[in-house]
Amino acid sequence: MALVSEFLGQLTLNFGGESEPKFPTVVAARDFDPAKDAARIETAVKTKGVDELTIIDILTRRSYFQRREIAFEYEKRSKKDMITALKGALSGSLEAVILGLMKSTAQYDASEIKGSIKGLGTDEETLIEMVCSRSAEELVEIKRVYKELFKKELEKDVAGDTSGDFRSLLLALVQAKRDEPSNIVDYEKIDQDARALYEAGVKRKGTDVATWITIMSERSVPHLQKVFDRYKSYSPYDMQESIRKEVKGDLEKSFLTLVECFENKQQYFANRLSEAMKGKSAKEKVVTRIVVSRCEVDLMKIRTEFKKLNQKSLYQTIAEHTKGDYQKVLLSLCGGDD
């Protein structure tokens, strides 16, 4: 019955205030019949050689809540857990995508963060992307789910796996203390913050990183967009150039990710996808992570930004840099060509 209670728990969450508008490529299917889908998946899993196409066709064209309903029906039919069955039937990158789709966006994000700090060494690139690109609202939900899944506090795990100013910045972000956007534009505060960022960095010898962290982790996104604009009247360099001059390593990458996401989050993800598909073969982990985590959030908008950046659609780029069932599952989640 765990599935039912989880499903009901997720439903109640969805009636809260939606702050960021959604631009998904994957939406709920109309005329949805979970029992029929479950029967088709059961047949596909049992087929000699596995019928991957049916699995892809169904699970990439249903919303997360619909996939959970299919899993519930599957268990009722076969007395087996659908996720375990999919694990046994699939492998490699296709398996990673399909199992990712069986998690909610917050569960998937929490698992990716856990994966980046588990075991020896930290995958800082993933950790930076996951923490610096998520809104305060998303981070609150990720923290809740992280504790539910791993019986640990996200803050404690991040603190134990990072150090110095990099740790301070990530912890400040994970605390999700960011102001809500306001209808009132506070020009005085915009000016104060712009000057404070300049005086804490470019104007002095060395960098007062704590001031940067406070402003970038606590102010609302619309406010910060205006602050960075105002910043140019104090500093000879824009905010991104200033970051490159002032700090290095993971701290530099984190601040740059934040600023890129404040300015245009979907362009940031489009850039990440471009970089992941520059070589002959794609960096599959990065492509999988962005496509799976954003397909029910804003992948439609990421597609638009990708086309602007590359003069080529995301769909065509995926088609050129991937192959087989992995290519098919990504193209289906991409939701069409531009």
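Let's start at Lys205, which sits in the loop between α12 and α13. At 80% relative accessibility, Lys205 counts as exposed (over 50% relative accessible area; buried is under 20%, and partly exposed is in between, with a 1.4 Å probe and protein chains only). Go from Lys205 to Ser91 and you cover 114 residues in sequence and 53 Å in space, C-alpha to C-alpha.

A quick word on the model: it is predicted, so local features need pLDDT of at least 70 and side-chain atom pairs count only at pLDDT 80 or more, while totals for chains, interfaces and linings use all residues. Numbering runs from 1 along each chain as its sequence is written, and side-chain values use heavy atoms, with hydrogens and water left out.

**Overall build**

- The protein has 20 helices and zero strands; these are DSSP runs numbered from the N terminus, with helices being H or I of at least four residues and strands being E of at least two.
- Its radius of gyration is 21 Å, close to the 20 Å from the globule rule for 338 residues, so the protein is as compact as a globular protein of that length. The radius is taken over C-alpha atoms, and the rule is 2.2 Å times the number of residues to the power 0.38.
- Among contacts (heavy atoms within 4.5 Å) with a separation of 6 or more, 71% come from residues 24 or more positions apart.

**Surface and charge**

**Thr60, a buried loop residue**

- Thr60 lies in the loop between α3 (52-59) and α4 (64-78), and it is buried, with a relative accessible area of 2%.
- Leaving out residues up to four places away in sequence, Thr60 touches Val26, Leu101, Val329, Ser332 and Leu333.
- With Ser332 there is also a side chain to side chain polar contact from Thr60, at 2.6 Å. That term means a pair of N or O atoms within 3.5 Å; within protein, one must be able to donate a hydrogen and the other to accept it, and residues adjacent in sequence count only if both atoms are side-chain atoms.
- Phe32 is 28 residues from Thr60 along the chain, and their C-alpha atoms are separated by 13 Å.

**Buried spots in helices**

- Helix α13 (residues 209-218) has Val209, Trp212, Ile213, Ile215, Met216 and Ser217 buried.
- Those buried α13 residues pack against α11 (164-174), α12 (187-200), α14 (221-231), α15 (239-246) and α16 (249-276).
- Glu73 belongs to helix α4 and is buried, with a relative accessible area of 17%.
- Apart from neighbours within four places in sequence, Glu73 is in contact with Pro34, Ala35 and Ala38.

**Positive phi without glycine**

- Asp31, in the loop between α1 (2-13) and α2 (34-46), has a phi near 45°, a positive value in a residue other than glycine. Asp31 is exposed, with a relative accessible area of 80%.
- Lys79 is not a glycine either, yet has a positive phi of about 60°. You'll find Lys79 in the loop between α4 and α5 (82-89), and at 67% relative accessibility it counts as exposed.
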